[in-house]
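Reader: Hi! Could you walk me through this one?
Author: Happy to, let's look at it together.

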Amino acid sequence: MGKKPKNTTSTLTRKHIWGYGLGDAGACMSNCIVAMFATRYYVNVLKIDTTLMATILLIWNIWDAVNDPLMGTILDKAFAKNKNPKGKFRPWLLRSSPLIAITCIVFFTLPTFFEGITMMVVLFVCKILYEGSYTMFNIPMGSLLSSMAKNDEERAQLASARGFGSTVSSLVPVFTAPLILSALGDTNPIAYTVMAVVFAGIGFVMCLLHYLWTEERVAPAAVSQDAADKIKFTDILNVFKSNRAFLALCLHSICVCTQQSVATALGTYMYADVLGNLALMSVASLLSMPLSFVFLAIAPKMAKKFGLEGYIRHGLMIGAVMYVGLFAMHLVMSVSAVVHLIISSLAGAFVMISTQQQYGLVGESIEYNEYLTGKRTEGSIYGTFSLSRRVGTTIGNSLGVLMLGWIGYDANLAVQAASTLTGIKVLCVLLPGIFALGSWIAFRFVWNITPAIREKMRAAAEAKKAAAAEQ
């Protein structure tokens, strides 16, 4: 996000660009610590049985999956009915920013004051409230890009800002949160409260700046009250009937979110129980952060050479091979913590290319859907894409906790059994490689937007624009 090039047609200000990037940065601050440490919080602090926890996680995440497209529908209906002069998306950002911070702190604090069934009920409600608040912010934030950008150049600027913001804000907790838990004790409830206050507070400031520094520069399309009343939650399913490219994107999203969810939730077990150095986990950011910035910087050139989908696909394959290779090393030799750190960080960074650049493919799938159906349905498609991400997170969270019990992990043991340690290696190294490969398969064999189709899409768009000008 350096100086804007001369002779640009973009009228976005620096404040617009930085402000939009701070949105994902702020939300990721709290969401990252929930993703990373919730499993250890459940099992090691609250002492919840892993099988029971997996079941509860499934219920939570099913509701979370429904949240995203439901929120998109609410946005459309609310604006069509009230025509809020402050905009369609930004008012929701202001409402939800404090809620994310408050519910994150409550989630890591309140359940520790209870026991038994009462504790489970309190925990259940706290998680529902946090995820609802996060969704209330995330869907308007993601949709805001379309109402800020007026051309392709501006969409690229905002997408890059989001990529930088989410990368930095995700890596900061990865680097510092383990240090907090290590210093205060990773089974000490106070440590989790301190961690939540720190990162939820920083995230709130970022989310507030996101609201203050952004602007809805493109007026929403007029929607009649009758049309708003006909908006249905089930409309999102129509996208899959003809849009094969979007189907591939959603399959990729499920795979990569499952991979990242398992690796993130169980990463502490790899470093604490297998490698014996939880604090070393924070050093991973020293490798992954500069790599992520490099991959963001070279994305335009790589996309020009291989296509954006090709750039993503190559990164996924490299990451999958590195994960599988690292697992093979663990089977035949004693891998040092430093070697594991380097290889796993590199593998994760290559897979991360897909999550950084996937929003460009969402935009392309929106254009493809318009080419196929004649309708431009950003809300429906973005909501469905968010749903697919939630599905992957649901699978990853539930599968990770459930398999932790299957491999015989016992939080009361100072040293785990050899078979359990091998199981942790499978969950934290091999499984991410398998799901990264699944994501590669989705792009290699399902994605169908070829250069010839892109040319037809361009011609159709120009013909539609010419017809509208004649009217």
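**Helix packing and a few residues**

Author: Helix α3 (residues 90-107) packs against helix α4 (residues 116-148) at an angle of about 150°, and their axes are 8 Å apart. Axes here are lines fitted to C-alpha atoms, for helices over the stretch in contact, with angles running from 0 to 180 degrees between N-to-C directions. Helices are DSSP runs of H or I with at least four residues, strands are runs of E with at least two, and both are numbered from the N terminus.

Reader: How is α3 oriented relative to α4, parallel or antiparallel?
Author: That angle makes α3 roughly antiparallel to α4. The cut-offs are under 35 degrees for roughly parallel, over 145 for roughly antiparallel, 65 to 115 for roughly perpendicular, and oblique for the rest. The crossing of α3 past α4 is left-handed, the term for a near helix turned anticlockwise from the far one by less than a right angle, with clockwise giving right-handed.

Reader: Which residues of α3 and α4 make the contact?
Author: On α3, they include Trp92, Leu93, Leu99, Ile100 and Phe107. On α4, Leu123, Lys127, Tyr130, Phe137 and Leu144 are among them. Contact means heavy atoms within 4.5 Å. By class, the α3 contact with α4 has 17 nonpolar, four polar and two charged residues. Nonpolar covers Ala, Val, Leu, Ile, Met, Phe, Trp, Tyr, Cys and Pro, charged covers Asp, Glu, Lys and Arg, and the others, Gly among them, are polar.

Reader: Before I go on, what kind of model is this?
Author: It is a predicted model, where local features need pLDDT of at least 70 and side-chain atom pairs count only at pLDDT 80 or more, while totals for chains, interfaces and linings use all residues. Residues are numbered from 1 along each chain as its sequence is written, and side-chain values use heavy atoms, leaving out hydrogens and water.

Reader: Thanks! Back to Lys127: is lysine 127 buried or exposed?
Author: Lysine 127, which sits in helix α4, counts as buried at 4% relative accessibility. Buried means under 20% relative accessible area, exposed means over 50%, and partly exposed is in between (1.4 Å probe, protein chains only).

Reader: Where does α1 come in, and how do α1 and α3 cross?
Author: The axes of α1 and α3 cross at roughly 15° and come within 11 Å. That makes α1 roughly parallel to α3. The crossing is left-handed here too, with α1 passing α3. Ser30, Ile33, Val34, Ala38, Tyr41 and Tyr42 of α1 meet Ile100, Cys104 and Phe107 of α3. That contact has eight nonpolar, one polar and no charged residues.

Reader: What does valine 43 touch?
Author: Valine 43 lies in helix α1 and is buried, with a relative accessible area of 6%. Leaving aside neighbours within four places in sequence, valine 43 is in contact with Ile48, Thr50, Tyr269, Tyr409 and Ala411.

Reader: I noticed lysine 47. What is its phi?
Author: Phi of lysine 47 is near 60°, a positive value in a residue other than glycine. Most residues other than glycine have a negative phi. Lysine 47 is in the loop between α1 (14-45) and α2 (50-82), and is partly exposed, with a relative accessible area of 49%.

Reader: New topic: how do helices α11 and α14 cross?
Author: Helix α11 (residues 308-332) and helix α14 (residues 418-445) cross at roughly 155°, and their axes come within 8 Å. The two are therefore roughly antiparallel to each other. The contact of α11 with α14 includes Leu316, Tyr323 and Phe327 on α11 and Val429, Leu437 and Trp440 on α14. By class it has 16 nonpolar, three polar and four charged residues.

Reader: Last one: how many helices and strands are in the protein?
Author: There are 15 helices and zero strands. Of the 471 residues, 52% count as buried.
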